[in-house]
Amino acid sequence: MGNIKRIGLLTSGGDAPGMNAGIRAVVRTAIYHEKEVYGIMRGFDGMIANEMIPLTSHFVSNIIHRGGTVLKTARSEAFRTAEGMKQAAAHLRKMGIDGLVTIGGDGTFRGAVALNTLCGIPVVGVPGTIDNDLSGTEYTLGFDTAVNTALQAIDKIKDTAASHDRLFFVEVMGRDSGFIALWSGVAGGVEEVLLPETETDIDRLIELLAQRKKHRKSAIVVVAEGDEAGGALKIAEKINSKGHAFDTRVTILGHLQRGGDPTAFDRILGTRFGAMAVEALLGGESGKMTAIAENRYQLVPLADAVATSRSPDTDLVRYLRMMST
Ligand code: F6P
């Protein structure tokens with residue numbers, strides 16, 4: 001199958017549960033097709049530093065159930081420079097790598113496209129980010145696990161919020177993306193979600209909370225960290241300064257959403273995407289990303305995936321508001 005003999009594999013950007021399942025699938029699919037795989041450590045930083053190790057079937061034993069990435073990851077500043085990219089390309093050539101699988105988000109794919117343009121090595125991307133904001137795919141590795149982690153926290157906060165008749169602002173991750181906030185908010189049955197993609201109207205929120213107070217004693221508002229009106233602390237401060245009837249608390253979930261055992265969904269997604277990426281490369285594909293859209297696993301152009309970011313479904317925002325009346 002194909003002329004490719006040695007595949008390079010890296011994870012880059014923020015880690016996401018399910019990346020290890022993807023790594024395992026890439027390695028074992030390549031071995032099944034009698035190809036070699038080299039792991040590039042710490043993303044593009046490791047490519048520049050020539051930190052590449054041969055990966056065996058044994059290396060990926062017992063990792064499918066673990067969060068994080070055994071290849072480690074980084075947000076490489078050096079790779080953004082012409083010199084860094086040149087060095088990275090030279091190391092790939094020196095190592096005889098003739099195909100590349102990159103697991104990560106939009107920054108990773110921009111790097112992959114640039115590298116492909118510079119040295120012509122075929123590249124296939126696997127979407128891995130808890131933010132789920134890549135165009136072309138409805139799910140990215142790690143999103144399902146992160147939503148469930150946020151949801152467990154919201155469920156627990158609900159108990160204490162109800163016991164003390166309090167208003168909680170729960171901040172979840174998403175610098176530019178409201179997917180985790182919206183999905184955990186709908187599943188958690190919260191009163192409101194504040195997303196970077198929609199404008200936050202503080203006066204409307206105060207009005208909504210006042211209405212809520214008439215028939216419910218506690219409330220939860222989920223705030224995406226990148227909301228344009230500020231994070232949970234800032235929003236709580238703004239709301240409190242205008243006065244309302246609730247006793248308020250803030251919980252910031254932070255990086256615990258990035259770790260933990262991947263859900264079955266993320267393990268299966270990692271397995272499918274990893275296997276698909278290798279078979280795509282061996283089938284002569286390049287410049288593509290593995291994706292799931294309209295219930296179908298498919299390859300989409302990497303360039304499309306990074307051209308725009310994907311926003312959450314506005315119908316779901318509307319339904320959340322209907323549910324919280
Ligand atoms: O890209 C995923 C993400 O978890 C974002 O939701 C968050 O804003 C960012 O990474 C945090 O990045 P870092 O771990 O580099 O601080």
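The domain bounds used here come from an automatic or database domain assignment, and they are applied to a model that is predicted. On that basis the protein chain is divided into domain 1, which covers 6-142 + 262-307, and domain 2, which covers 144-258. Taken over C-alpha atoms, the centres of domain 1 and domain 2 are separated by 34 Å, and where the two domains meet, 15 residues of domain 1 are in contact with 13 residues of domain 2.

The position of the ligand can be read from this division: because domain 1 and domain 2 both give residues to the shell around the ligand, the ligand lies between them. The shell itself is made up of Arg-75, Ile-130, Asp-131, Met-173, Gly-174, Arg-175, Glu-225, His-255 and Arg-258, and by residue class it divides into 2 nonpolar, 2 polar and 5 charged residues. The space that the ligand takes is the largest pocket.

In the side chain of Glu-225, an N or O atom is 2.4 Å from an oxygen atom of the ligand, while a polar side-chain atom of His-255 lies 2.8 Å from a ligand oxygen atom, and a polar side-chain atom of Arg-75 lies 2.9 Å from an oxygen atom of the ligand. As for how far the ligand is covered, it exposes 400 Å² when taken alone, and the protein buries 78% of that area.

Definitions and conventions. Residues numbered from 1 in each chain as written. Predicted model: local features only at pLDDT ≥ 70, side-chain atom pairs only at ≥ 80, totals over all residues. Heavy atoms only, no water. Near = heavy atom within 4 Å. Polar contact = N/O pair within 3.5 Å; in protein donor to acceptor, adjacent residues only side chain to side chain. Areas by Shrake-Rupley, 256 points an atom, 1.4 Å probe, with all protein chains shown as cover. 1 Å grid on protein atoms, 1.4 Å probe; cavity = no way out; pocket = protein on both sides within 12 Å on 5 of 7 lines; lining within 4 Å. Sits in = over half its atoms within 2 Å of the grid points. Nonpolar A, V, L, I, M, F, W, Y, C, P; charged D, E, K, R; others polar. Contact = heavy atoms within 4.5 Å.
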